Number of protein chains: 2
Amino acid sequence: MYQRSCRLDTSEATHVVYVVGAELKLNLVRCAPPESKFFSIRCSSNVHYKVTPAAKDKNVAAHPLTPNSLLFITMDTVSEVLNDRKLSVRYYGETKNTIGNAVLHLTAVEMSLDVDADRDGTVEKNNPNKASWMWGPKGHGAILLVNCDSESGYFKTTDSDKDEISKVSDLQDMSKMVLRINGPPELPEGYKLSMHISKTGSESVRVFRPQTNQDGQIKKWGHKLLKLFLKDYIMVVGKDHLAEEVPYLGGKSELQFFVEGLRFPDKDFDGFITINLSLTEPSAKGCPETPIFTDKVMFHVSPWIMTPNTLKPIEVFVCSTDDNYAFLKSIKNLTKICGCKLKVCHEYMNRGDRWIQDEIEFGYIDSPHHRFPVVLDSPRDGELLDFPYEVLLGPDFGYVTRQTVDETVSSLDSFGNLEVSPPVTVNGKSYPLGRIIIGVAFPTTTQGRNMTKVVQEFLWAQKVQEPIALYSDWLVVGHVDEFMTFVPAPDRKKFRLLLASPDAGYKVFKRLQNNGYGKGEMFQGLEEAISVDDILNDKQLQAENIYVQNCIDWNRDVLKKELGLDEEDIIDLPILFKLVKDKEECRAVAYYPDMVNMLVLGNQLGVPKPFGPQVKGKCVLEAEMCSLMEPLGLHCTFIDDFAPYHKLLGEVHCGSNVLREPSTFRWWNQEL
Amino acid sequence: MYQRSCRLDTSEATHVVYVVGAELKLNLVRCAPPESKFFSIRCSSNVHYKVTPAAKDKNVAAHPLTPNSLLFITMDTVSEVLNDRKLSVRYYGETKNTIGNAVLHLTAVEMSLDVDADRDGTVEKNNPNKASWMWGPKGHGAILLVNCDSESGYFKTTDSDKDEISKVSDLQDMSKMVLRINGPPELPEGYKLSMHISKTGSESVRVFRPQTNQDGQIKKWGHKLLKLFLKDYIMVVGKDHLAEEVPYLGGKSELQFFVEGLRFPDKDFDGFITINLSLTEPSAKGCPETPIFTDKVMFHVSPWIMTPNTLKPIEVFVCSTDDNYAFLKSIKNLTKICGCKLKVCHEYMNRGDRWIQDEIEFGYIDSPHHRFPVVLDSPRDGELLDFPYEVLLGPDFGYVTRQTVDETVSSLDSFGNLEVSPPVTVNGKSYPLGRIIIGVAFPTTTQGRNMTKVVQEFLWAQKVQEPIALYSDWLVVGHVDEFMTFVPAPDRKKFRLLLASPDAGYKVFKRLQNNGYGKGEMFQGLEEAISVDDILNDKQLQAENIYVQNCIDWNRDVLKKELGLDEEDIIDLPILFKLVKDKEECRAVAYYPDMVNMLVLGNQLGVPKPFGPQVKGKCVLEAEMCSLMEPLGLHCTFIDDFAPYHKLLGEVHCGSNVLREPSTFRWWNQEL
Ligand SMILES: [Ca+2]
Ligand SMILES: [Ca+2]
Ligand SMILES: [Ca+2]
Ligand SMILES: [Ca+2]
C-alpha cells in the first residue's frame, strides 16, 4: 500500500488531501507538546484509523504516548466537498490535563492513471499491475505503437516526426490512457496534477489530450494558449517537454490521453516507457510545491516483426523494367492463381533497379487496439531508394530505417540477406514468431563483408524473433536467399527448410550420364549450352562445388541447431555453383538459375527456370524439383528469369517482395 | 553435441580432422553412385559409427541404401599422427556388385578454449557451461576485470588504454584463458586455429598471450613480427583487431591467454563478452578456408561496486587548507581511535577545494582471481580534479570517470549526492551489496537540477546495487548526505537510517523552553548567537521547517519502500533548516551544523558540532544525539567544522572521504 508520512500540528489545523487506497502515517510523538504523556483521538465516521503500538486497554479514553506511537489513517469513500472530514488528536500531561490539540481537516479523492495493462483493448480501472511489465500469456503491461505511418497525403512525414495531431484518424494509432478522478469538484487552492516523464522517456514517447473547459484556469501554460485555440488536441509531454500540469476535472470524471511511441527498441532503448502522474501540494510562500501522491504506468513499444513464407500473402511487389515483360507476366499469372494482389513498381520510380527484395523488408507492429504493416528500408539505397518512403508510407502503413554514419554499406546490407523462419521450438524454448536470419562474414576473416552494425543492432533489439547469423560472405552477392528458403508443409513442423546442394545437383547429372544421357545439354539453345559429360568432366567445377557444399553444410549445421530441426525437416535442392574472382577473393554464384531463390505464395512456388538437360522433352532439374515439392502439396511454376535476373546475379526472389498477413500470435504473449 | 556435416567422395579419399566430443554426420545417399542399392562400412577399431535408419539385419554385410541413410562417426581417443584412422563405405548395385568406394582418412584431436567458469580461481577443463553466464550462487560464467589501474609509475595512463603489456604484474589483473590441445604434433597443411571477437566485443576486451616457438611458422602476421621480438606477450585480439591466428602447439599442450576488460557496463554495454576459437580447413585453391569447429567462452565484466558505511574503514581522506588546522587534528584523532589510516590531500593538490567527498566516490571491482579499489571521478571537476588521477590511480588502484558532452554539470553531480545503503532485503528480493542512493530534481519540475545522464546511466548499468533516486533538489547544495546517512547497529537489519528532522529539532527546543531554558543561546559566543525563545518565536522559520520536514518525509517514504525498512529502522535527528533565495527559487540549508552529515568509522561517529543551547554546561543537541546513538554502541565525537565547512554550506561528511574494505559478498552470487 502507498504510505505517506504526514505532519500533525498543535498550533494550527492541518489540511490534508488524501488519495483513496493510500495510508497516511503520522508520528504522534514528533509534534506532541514536550510534556505529553497521553493522547486520545476523535474523528468523523468515514475516517478509519489505527494506532501502534495498540492500546492495551481500549476502554480508557486516553492512551499512553510511547516514543514510537504512530497513527495510521485511511478512508474508503471520497469527499463531496473540500475538508468534509476531521480527525483530532488531544494530548494530555501527567495528570491527564489537556496540553495540546492537533486537528486534521481531510479531503479524500480517488485518482488513477489507467492503461490497458491486461491487453484486452479496453482501459480498465487502476490495474494493480499497471506500473510493471511482464512477457507471456500470463503477463501484463500496456502496449504502444511507434506512430511510424503517415496520415497526411501531402507533405509526407511519419506522424511521430510531428508534435501535433493533424488528423483525428491518427488517434487510432495511439494507446489510450485515462485519468480517472472521483472527488470534490475542485482541489484546494495551490494543489496541482502533473504528468511527467524522464529525459530518456521523452525520446521515446509523446502524450496528447483533448483540451477541456478547465484549460483556461491553468495559468502556467502561457505560450501554449495560442495552440489551445487552434487544435482540439494538445501535447502534454514529449520531446524536450518532460512535465506539464493536467487539469483536475473533479466530480466523477475521466480525462482521456493518447500516447504515441516515437522510436523502436534499439541498442540503447529496451522498449519500456514509464509515464508518471503526481499530485503536489503548495508549500510555504516562496517554496516549491511538494509531492503528495504519485501514480505511474508502463508501456512497451511493439517490436518490428517479420513475416515468414508460411504466412498468407496479401500483395506481391515487382519492378517493371525495359527487359522483363515476360517475367512480369509470369508473376502476374502466379498472383492470380494465388488470389493475391500485385503491385508493379514502374520505371520512373525504380530507375532500372529491379532488386525490390533488397531495398525493403516488410514487417508489422501490433497492439491490442491496432496493428499495421511497417516497411524496413535498407541502407542499401539503390535507385529504388525513394520507393518505400514515397510509395509505401501512408495511412496505416509505417516506415522505419537505419542509416549508418561511419560504416560502408555492402551487398550484405540488402534484404535478400534478411529472412525469417517459420515458428520453431528449440530445446524447449519456443519462438512462435520464428527467428530472423541474416548472413555475415565468417568471423575468422578480418576483411569479410558484414551487415552494418546499426541494422544488426536494430534487429537484435526487437527481441521477439532472436536473429541467427549465417555465413553468406562466401557468395559474390552474399545473401542468405541464394542458398536457403522455407516452404509450408502439411506435416511435421508445418514447414521445410530448402537448401541448395551441389552434391544433390551432381547426383542428378551423374544419374543422367549413367542412364546414357551424357550428351544431353544444359542451357539448350542458349550460347551457354554445355553437355552433361562436359559438366561432369570439369574437375575444377567439381572442386569448387565441394567447397560450396562445405559452406552450405556449415550453415546447415547452424540452422539445425538454432531452429531445432531434424534431417527430415530439410530438403536438398539440386543446384550447382561456380566460383568467380571477386577482387582478391574467390566467391560463388549459381551455375544455373538458383531454384532455391523462389517466390513462396501459399502452396504455389514461383521457381527460377533452371534450363536443365531434357529427357523425353522434360527438364530433369524441373522434374526433380517437382518430385521433391509435390509430396508436400506444393505446386512449382518455373519462371524464366535467365536474361533479366539470373545473368545479373539474382533470381525470382531477389526480384520480388511479398507483403504478408501478420501472425495470429501476439508478440506480448511470447515468453522471453 | 556439436554435429558437423561432412562429405563422402567415391572419386578420391577424403581427409577429415575431427574434434573429440563432436559427431560427424555423413549423408550416405548424396554422394553415392546413382545406381547404388546397398552399402557396407569398415573402419579402424578406434572409430565408432552408427547408421540410420538402423539396419534390420545386422549380420548381412551389405545394408540397403534408403533415401535418408545417414552415417554418424565419433572417436574418443586422439590421433598420434595425422590420418591414423580410416573408414570406408562401399556401394553396391542391384546385384550386390561393387560400384563405388568412399574412403575417409581421419585425424582426431582434443581441443578446448577454457576459462574459470565455475569461479573458483582455476581454469578448469572444458566446463560445459563456459559459453553462457548465470547469476547466483548456483550460477556459472567467467569473470573479467576492467584493467583500470596503472602499473606504470611514470607517464601514467590506465592500463586498458594501452594495447601492450609493459609490466608482468599487469597479468594479475587479467583473467586467464587456456587453449588445451591433445593431438598429433601438427595439424595437416592449411588447417588453422583462429581466435575472434565481434565488433562490439572489440570495444570491451583485449586478449594477450606469450609468444611461442611456433610463432615463426605463422606467416600471415607480417608487420607484427617486429613486436614479437620486442615483447614477451603479444596482443591476439582487441580494438580494431577482431581475429587472429593462434598457434597449434600440438601433442598434449596448453597455451595460456590473458584477458583484460576495457570498459565498464554502461547504457550500451551489458557487460557480457564472448570470445571465439575456430578451426578452419583449407578449401579448393583460391577459395577462403571453411570452418570445421568453433568453441566459445563468455565473460561478464565486474561492475563497479560501492561500499556502505557499515563496511570497515581502511583509510580516511581529508584536504588540508589554510583555515582547517583544528578540524584536521580532530579527524586525525578520530582515525587514530579507529585504527585506520589518514591521507591528507595538501593544498598544492587541492588548490583550496576542501570538498573531497564531492570530487570522488570509492568503489571496487572483484573477480575470483583478484580485486582492487576503483575511484569514480565525478564530472564536478572542482580544483580537486587532478587528485583522483594523479594521486589515487596506481598499481591495483583503478580509475573510472564519466564526462558529459552536452549537459551542464550541476551541484547534484557532486558525490555527496551519491551514497549506498547497507545490505537490504525488500519484499523477498535481496540486495546483498545494498542499493545506490542518488538525489535528483522532483520530476514534476521542468527546471530542476539533476545528476547528469551519463553518470546516472553508468550507475544503473552496474546492476548489482540498483539505484534509488531521492528528491534532493530542495536543498541549495542538493546532496542526499545533507539529510540522511547510515550507521551500523548490533540488532535488527544491522544498521539504522538516520534522517534529519526539523520536527525532532523543534521538539528539543520546545522542551527547553518548557523547562525554563528559553533564554539559553544557540551559537553561544558566536556572532550568530540566538536564544531558544527567539528561534521558537520565528513563525517564518517554523513554516520553512514544515516545508523541509515534508520534503524529507517524502524521501523517508521512498526509502522505507525501496529499502524495505520499518519505522524502528529509522532515527530522526534534531536538525533545523532555513530557506535561502537561490536564484528564483527558495532552497534549504542547515540552520546549525548538520549532524547527519557525519563521518562513520566503525562504531565511531565524527559528528558536526551543533553549537546548541547548553544546560548545565552541556549542549542539549549533543546530549540528544548521544542518547540516540549510544544504545546502538556508537560513540559520537563532535567536530567543530563551523567556520571552515558549515559556513561554506558543507560539513564533516562533505569534507572527508573513506576507502573501505570490500564486501565479503561476491557480486556474481547475487540473484538478479
Ligand atoms: Ca499515425
Ligand atoms: Ca528479405
Ligand atoms: Ca593493471
Ligand atoms: Ca558519496
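Reader: Which residue of chain A meets the side chain of B:D553 in a salt bridge?
Author: This is a predicted model, where local features need pLDDT of at least 70, side-chain atom pairs count only at pLDDT 80 or more, and totals for chains, interfaces and linings use all residues; side-chain values use heavy atoms, without hydrogens and water. Residues are numbered from 1 along each chain as its sequence is written, while chains are lettered from A and ligands numbered from 1 in the order in which they are written. A salt bridge is a side-chain nitrogen of Lys or Arg within 4 Å of a carboxyl oxygen of Asp or Glu. At 2.9 Å, N to O, the partner of B:D553 is A:R30.

Reader: Which helix of chain B gives the most residues to the side that touches chain A?
Author: Helices are DSSP runs (H or I, at least four residues), and strands are E runs of at least two, numbered from the N terminus. The top contributor spans residues 539–563 and gives 11 residues. That is helix α10.

Reader: How much area do chain B and chain A bury between them?
Author: Buried area is the accessible area (1.4 Å probe) that two parts lose on being put together, summed over both. Of the total here, 54% lies on carbon and sulfur atoms. B:R7, B:R30 and B:K507 supply 12% of what chain B buries against chain A, more than any other three residues. The two chains bury about 5900 Å².

Reader: How many salt bridges cross the interface of chain B and chain A?
Author: Contact means heavy atoms within 4.5 Å, and 71 residues of chain B are in contact with 71 residues of chain A. Over all chains, the whole structure holds 94 salt bridges. Across this interface the count is 14.

Reader: Why does the bridge between A:K25 and B:E567 join two chains, and which strand holds A:K25?
Author: The side chains of A:K25 and B:E567 meet at 2.4 Å, N to O. Both ends are buried (under 20% relative accessible area; exposed is over 50%, partly exposed in between; 1.4 Å probe, protein chains only), with A:K25 at 3% and B:E567 at 12%. B:E567 sits in the loop between α10 and β34 (570–574) of chain B and A:K25 belongs to chain A, so the pair joins two chains; the strand is β3 (residues 23–27).

Reader: Buried or partly exposed: which describes B:K453, the salt-bridge partner of A:E203?
Author: The closest N and O atoms of A:E203 and B:K453 are 3.4 Å apart. A:E203 lies in the loop between α1 (199–202) and β13 (205–210) of chain A and B:K453 in helix α7 (residues 453–461) of chain B, so this pair joins two chains. A:E203 has a relative accessible area of 28%. At 22%, B:K453 is partly exposed.

Reader: What spacing do the donor residues of the calcium ion (ligand 4) show in sequence?
Author: Donors are N, O and S atoms within 2.8 Å of the metal (3.2 Å for Na, K and Ca); water is not among the atoms, so sites may look incomplete. This ion is coordinated at 2.2 to 2.4 Å by B:Q357 (OE1), B:E361 (OE), B:F415 (O), B:L418 (O) and B:E419 (OE). B:L418 is buried at 0%, and B:E419 is buried at 13%. The spacing is Q-x3-E-x53-F-x2-L-E.

Reader: Which strand of chain A holds A:V400?
Author: A:V400 is buried, with a relative accessible area of 5%. Beyond four places in sequence, its contacts include A:F264, A:W304 and A:F458. A:V400 lies in strand β24 (residues 398–401).
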